[in-house]
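Let's explore a protein model together, one question at a time. Have the sequence and the 3D view ready.

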Amino acid sequence: MNVILIPNNKIVPYTIPQEIVERARQIAAELQGNAAPAYSLIKYDPELKNSMEFVFGGAFICSSTEIA
């Protein structure tokens with residue numbers, strides 16, 4: 001098994017643009033549910049912010065498959 005290590009200060013994080021997050025929340029609310037970016041639901045040491053946003057930055061967590 002290969003393991004690739006990337007220094008945290010070299011990672012370029014990605015997050016979903018705020019206007020998309022807001023629209024997803026509006027759609028979810030219309031369907032009586034919730035939607036949130038995955039990285040906003042995870043507790044982590046602030047030092048790991050870049051890594052967490054890199055890994056989870058493009059994912060939403062939704063309260064149902066219909067909302068997803």
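A residue counts as buried under 20% relative accessible area, as exposed over 50%, and as partly exposed in between. Keep in mind that this is a predicted model.

Q: Is Lys49 buried, exposed or partly exposed?
A: Buried means under 20% relative accessible area and exposed means over 50%. Lys49 has a relative accessibility of 41%. That value falls in between, so Lys49 counts as partly exposed.

Q: How many salt bridges are there?
A: Here is some background: side chains of opposite charge can pair when their charged atoms come close. The rule asks for a side-chain nitrogen of Lys or Arg within 4 Å of a carboxyl oxygen of Asp or Glu. By this rule, the count is 2 salt bridges.

Q: Which residue forms a salt bridge with Lys49?
A: The closest N and O atoms of this pair are 2.9 Å apart, and the cut-off is 4 Å. The partner of Lys49 is Glu53.

Q: Is Glu53 buried or exposed?
A: Glu53 sits in helix α2, which covers residues 49-56. Leaving out residues up to four places away in sequence, Glu53 touches Pro13, Tyr14, Thr15 and Tyr39. Its relative accessible area is 8%, and the limit for this class is under 20%, so Glu53 is buried.

Q: How far apart are the closest N and O atoms of Glu22 and Arg25?
A: Glu22 and Arg25 are 3 residues apart in helix α1, so about one helical turn lies between them. Glu22 is partly exposed at 36%, and Arg25 is partly exposed at 34%. The two form a salt bridge, and their closest N and O atoms are separated by 3.5 Å.

Q: What is the distance between the C-alpha atoms of Asn50 and Tyr14?
A: Asn50 lies in helix α2 and is partly exposed at 27% relative accessibility. Setting aside neighbours within four places in sequence, Asn50 is in contact with Asn8, Ile11 and Pro13. Asn50 and Tyr14 are 36 residues apart along the chain, and the distance between their C-alpha atoms is 8.3 Å.

Q: Which residue has a positive phi although it is not a glycine?
A: Most residues other than glycine have a negative phi. The residue we want lies in the loop between α1 (18-30) and β1 (35-37), and it counts as exposed at 72% relative accessibility. With a phi of about 55 degrees, the residue is Gln32.

Methods: Residues numbered from 1 in each chain as written. Predicted model: local features only at pLDDT ≥ 70, side-chain atom pairs only at ≥ 80, totals over all residues. Heavy atoms only, no water. Helix = DSSP H or I, 4+ residues; strand = E, 2+ residues; numbered from the N terminus. Buried < 20%, exposed > 50% of the residue type's maximum accessible area, 1.4 Å probe, protein only. Contact = heavy atoms within 4.5 Å.
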